[in-house]
Amino acid sequence: MKLTVVHLEGSKQGLTETFSGQVITVGRDPSNTLSFDPFKDLDVSTRHASITVQGNQVVLQDLGSTNGTYFNDEKISAAVPLPAGGCMVRFGENGPKVQLTWTLDTGPGKKTVMIQELRGELEQQGAATVEAKKRTRKVAMCFVVLVILGAIVFGVVSSMRASSKLREEVKELSAEVVEKQSAAQNVTAGETGKAKAKYDEAIAALEAAKKAEEEGDLETAKKQYTSASKAFDLSVTQAAAESKKRWEALQKESEEREKREKKEREDQAKRDAALMAKLRDEIKKRDEERERKAKEAQQKLEAAASTQELFDELDKLKESKNPAEIEESLKAIDAALAKLDPNSEEAKKLLALKKEQEESLKSVKDLTPEDLKTIAKNARPSIVAIKASYFGIPKGQTLKTTRLRYQVAEGLGTGFLVSKEGHIITAKEVVKPELFDAKALARLKKLEEKGMTFHRQLAVLTYDANKRNYAPVTSDVVVAREFPDSLAGTEKVTIDFDNQKAEIEVKPHKRDESDLVVLKIDIKDAAVLELAPVAADKDLPVINLGVQSDDKPEERALYMFSGRLTEVGETLKLAVPSFRTWIGGPVLDAGGRVVGVLINHGVKESVAVSVDSLRDVVKKKE
């Protein structure tokens, strides 16, 4: 049996293969007669089907494959005879599709039959000659001449027929090789190893075949076309092997980098925790010191025996920045005023001093721990954690067909609900971390050169009051609106990629008023944060709120620090500590209203986008 396979769909699309034999096996294992790519044609089983000769028929049978065999789009459950004129077969419901045609060897060829007939005729003539010895020598010689002439004619005819058949074979081979060349060219594009060498070898054989065909040397043309066909097939196979090797190397490199980055995040989380503990300890010591000085001031003020002595002690506190000391001076002034004549000079002087101290207290008084607890408690149901991951997979694959993942960037950030329908405001860096990371942008460029396709996965976690932790919501997360990218200047970065150093120019995103995104989740009657009605003023007491720790989910919780605004405008500067995972979180005033969104963190100072930009985002969130 001679079986011709034309690949219509799948990794071999465009190729034509020819097989001979009584039994032809089909599957992804390379030992099969008709074998498919083990990494791309995943619907095909290891041993999928067989094509066998049974009498004068050729029969297709499924060998218990996982995804079934389809004959003319119908799934077969038993052996099916194949029409010689051609049919369509698909291996797997969504697997490669081929066209099959076959022919059977039916007996001796025409040349053999003619020789056998001539031999019989000669034998008959010989017998006749023996029996008819009386025939004349002239008749015998004529017969011999006739036989010789017949042999010559037969030889000429046979030679003409053989030449015609060879020409047809060369024509078929030529068409087959051209198809294989097109498929191999696509597969080996960009290859530099053995696959490219085999492709070049095939091209050389193809050129030699065409030249021989033009010169009429059909035997050489057939030989060269056959060599080209095999070389093209080998180039495709080699390209698949080299591609697999590269992807496996990239995957290993990605996994090693992820381990390093995970270790870095864990170390950073530990440093952040230690720093947070240190900051809290410093705040505690500051408050204790303030309280100690306030008590000293109280004792001195109470010990003042006369109004003049009281004035002397109050003068010492005029430049104090300690809210507790100022409050004690105000208490002492009120106590002294109660004993004095309201119209006296001492009373007037004390009233003037009281006014100065009240103004001073406004400028230095911070939010109390009780204030912070109340604001955080009220805000907690509206604040969410957001996890983002951006990664690439090999070209032509889907998330269902490959487990290969090359991580470009990932991270954890904070956001907050601004509508009962589930709209969330956060920083663009939280949703698209790769835009703000120069090395991630460099990796992205190199992966794009490899033809990878990219996917972004987002998850929103809301506060679970019962578990006192953040749990993921089950709905899809949609990017409802974002500002156009605002790029910084070009910078060069060096990364390890494909086992070598690569220097690449990139343009990271700026951290400015365009660093905002609106997300949408499917949630009803969400608790929302209110926006402050006007832009914040300098020295306004504020609170930073953010979700902490991505590497220890059991410790993920809402944290806060308070301080004051030091600069105002489209972006705000805050003398308030914050951490990486707080980015995207709200900056609240003493009334729990949003005055900004955190876009950059720091131990001493943070940066936020002003509420004016937020109002515009909320209005257009739909």
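The structure holds 18 salt bridges. Keep in mind that this is a predicted model.

As background, side chains of opposite charge can pair when their charged atoms come close.

Start with R511 and E429, whose side chains meet in a salt bridge at 2.9 Å, N to O. R511 sits in the loop between β19 (500-506) and β20 (517-520), and E429 in helix α9 (residues 428-431), so this pair ties together parts that are 82 residues apart in sequence. How exposed are the two partners? R511 is partly exposed, with a relative accessible area of 37%. E429, on the other hand, is buried, at 16%, and the cut-off for buried is under 20%.

Next, R456 and E434. Their side chains also meet in a salt bridge, at 2.7 Å, N to O. R456 belongs to strand β15 (residues 453-464), while E434 is in the loop between α9 and α10 (438-449), so the parts tied together here are 22 residues apart in sequence. R456 counts as partly exposed, at 28% relative accessibility. E434 is buried, with a relative accessible area of 3%.

The next pair is within one helix. E449 forms a salt bridge with K446, and the closest N and O atoms are 3.3 Å apart. Why can these two be described as about one helical turn apart? Because they are 3 residues apart in helix α10. E449 counts as exposed, at 61% relative accessibility.

There is also a network of salt bridges, which links K428, K432, E482 and D485.

Now the patch. Which residues form the negative surface patch? They are E213, E214, E215, D217 and E219. Take D217 as the example: D217 is found in the loop between α3 (194-214) and α4 (218-303). D217 is partly exposed, with a relative accessible area of 34%. Patch residues need over 30% relative accessible area and no salt bridge, so D217, at 34%, is above the area cut-off.

Last, helix α5, residues 307-316. The buried residues of α5 are L310, F311, E313 and L314. They cover an arc of only 165° around the axis, which puts them on the same side of α5. Note that E313, an acidic residue, is in that buried set.

To recap the pairs: R511 with E429, R456 with E434, and E449 with K446. That is what I have for today.

Terms used: Residues are numbered from 1 along each chain as its sequence is written. This is a predicted model: local features need pLDDT of at least 70, side-chain atom pairs count only at pLDDT 80 or more; totals for chains, interfaces and linings use all residues. Side-chain values use heavy atoms; hydrogens and water are left out. Buried means under 20% relative accessible area, exposed over 50%, partly exposed in between (1.4 Å probe, protein chains only). Helices (H or I, at least four residues) and strands (E, at least two) are DSSP runs, numbered from the N terminus. The arc is that of the directions from the helix axis to the C-beta atoms. Patches are made of residues with over 30% relative accessible area and no salt bridge: like charges are joined within 9 Å, nonpolar side chains (Val, Leu, Ile, Met, Phe, Trp, Tyr) within 5 Å. Accessible areas come from the Shrake-Rupley method with a 1.4 Å probe; for residues, only the protein chains shown count as cover. A salt bridge is a side-chain nitrogen of Lys or Arg within 4 Å of a carboxyl oxygen of Asp or Glu. The place of a charge is taken as NZ of Lys, CZ of Arg, CG of Asp or CD of Glu.
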